[in-house]
Amino acid sequence: MKLVLALMWLLHWLPLPLLGRLGDAIGSLLFKLIKSRRHITLTNLRLCMPQLSEEERVAIAKRHFQVYVRSVLERSILWWASERRLRKLIHVEPSVPMDLITAGPTILLCPHFVSLDVAGIALSLESPVCSIYTEQRNKVFDEALRKGRLRFNKIKLFSRAEGIKPIIRAMREPTPFFMLPDMDFGPKDAEFVPFFGIKAATLTAAPRIAAATKAKVIPVIATILPDYQGWKVTFHPPWENYPGDDMVEATRFMNSFIEKEIMKAPAEYFWAHRRFKTRPEGEASVY
């Protein structure tokens, strides 16, 4: 792992167009070699996009492998490039909403697009931020990942094992909570709500925390700019009257929003994750 990290450090000196093309090439190769992840990706796409032809879904899947590998290689830039270079490559639209963030508790809701780490860096360049962190099995990589995410401003990373209390305390300072809401962590604290029409175990944490802290929820989406120009990070307006009284309906609204954003850049969502791993009682695995 130390050798891998040394290689990544060397890669961050490359121009982004060269690094991006390298990621595309490796991604195309891995699409052919890693059958298990290819199967998961194509299964997800068949479930979520039945209106497309198989040829169209395969094209999206192949592109997903390319942009995913790109995101891994480009992480070297996020971890080691200068602030000046990062600001040149990260295009924020319309801007980091510091007036809203400093006005009170805020949840920055960032779905699992492959460039989500770019959104985290864009935010941390301007503001303190807190988030939940899952410790990596490899200690060397874990240390590198933490250092990469703690480069700017005052960043607080809390272990998932600590629960939600330290997050709520930080939000009341106020420190915005950078939240990744859309992974399948099993049935605990989750509800089966539709995701592209398929029942998906979805954490209800976003609306519950918003209700408990009276936080505004601001979605943030990171995508890749064309022609290897960098990345676009879009801060959407806060959701109005969210979450309301019905946490399940609020979770369904969140999934619906994510679906619409996915369709703007379908290959960039994290399809290689087993999003439908947890099934309602009595339903067989889809994988």
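Q: Where does P94 lie?
A: P94 is in the loop between strand 1 (90-93) and helix 6 (98-103). Helices here are DSSP runs of H or I with at least four residues, strands are runs of E with at least two, and both are numbered from the N terminus. Keep in mind that this is a predicted model: local features need pLDDT of at least 70, side-chain atom pairs count only at pLDDT 80 or more, and totals for chains, interfaces and linings use all residues. Residues are numbered from 1 along each chain as its sequence is written, and side-chain values use heavy atoms, with hydrogens and water left out.

Q: OK, and the peptide bond from E93 to P94, cis or trans?
A: The E93 to P94 bond is cis, with omega near -10°. Y242 and P243 are also joined by a cis peptide bond, with omega about 10°. P243 sits in the loop between strand 9 (231-235) and helix 11.

Q: Why mention those at all?
A: Because most peptide bonds are trans, and most residues other than glycine have a negative phi.

Q: Then what is the phi of D189?
A: Positive, about 55°, although D189 is not a glycine. D189 is in the loop between strand 5 and strand 6. D227 is not a glycine either, and has a positive phi of about 60°; D227 is in the loop between strand 8 and strand 9.

Q: How exposed do D189 and D227 count as?
A: D189 counts as partly exposed at 46% relative accessibility, while D227, at 65%, counts as exposed. The cut-offs: buried is under 20% relative accessible area, exposed is over 50%, and partly exposed is in between, using a 1.4 Å probe and protein chains only.

Q: Changing topic. How many helices and strands does the chain have?
A: The chain comes to 11 helices and nine strands. Its C-alpha atoms fill a box of roughly 50 × 45 × 35 Å along the principal axes.

Q: What radius of gyration does the chain have?
A: The chain has 19 Å, which agrees with the value near 19 Å that a compact globule of 287 residues would have. That radius is taken over C-alpha atoms, and the globule rule is 2.2 Å times the number of residues to the power 0.38.

Q: What share of the residues count as buried?
A: 53% of the 287 residues. As for contacts in the chain with a separation of 6 or more, 76% come from residues 24 or more positions apart. Contact means heavy atoms within 4.5 Å.

Q: Let's do helix packing. At what angle do helix 3 and helix 4 pack?
A: About 130°, with the axes of helix 3 (residues 35-48) and helix 4 (residues 54-80) 10 Å apart. Axes are lines fitted to C-alpha atoms, for helices over the stretch in contact, and angles run from 0 to 180 degrees between N-to-C directions. The pair is therefore oblique; under 35 degrees is roughly parallel, over 145 roughly antiparallel, 65 to 115 roughly perpendicular, and the rest oblique.

Q: Which residues make the contact?
A: Helix 3 brings R37, R38, T41, L42, L45 and R46, and helix 4 brings E54, R57, V58, I60, A61, H64 and F65.

Q: And helix 4 with helix 8, what angle?
A: About 60°, with the axes of helix 4 and helix 8 (residues 139-149) 8 Å apart. Helix 4 and helix 8 are therefore oblique too. R75, L78 and W79 in helix 4 meet F141, A144, L145 and G148 in helix 8.

Q: Now M183: buried or exposed?
A: M183 is buried, with a relative accessible area of 16%. M183 is in the loop between strand 5 and strand 6 (190-195).

Q: What does M183 touch?
A: Not counting residues up to four places away in sequence, M183 touches H112, A201, F270, H273 and R275.

Q: Where does H273 lie?
A: In the segment after helix 11. H273 is buried, at 12% relative accessible area. Leaving aside neighbours within four places in sequence, H273 contacts R37, I40, N44, M183, D184 and Y287.

Q: Last one, which residues of helix 10 are buried?
A: In helix 10 (residues 205-213), A205, A206, P207, I209, A210 and T213 are buried. Their cover includes strand 2 (106-109), helix 9 (165-171) and helix 11 (247-262). K214 follows helix 10 and has a positive phi, near 55°.
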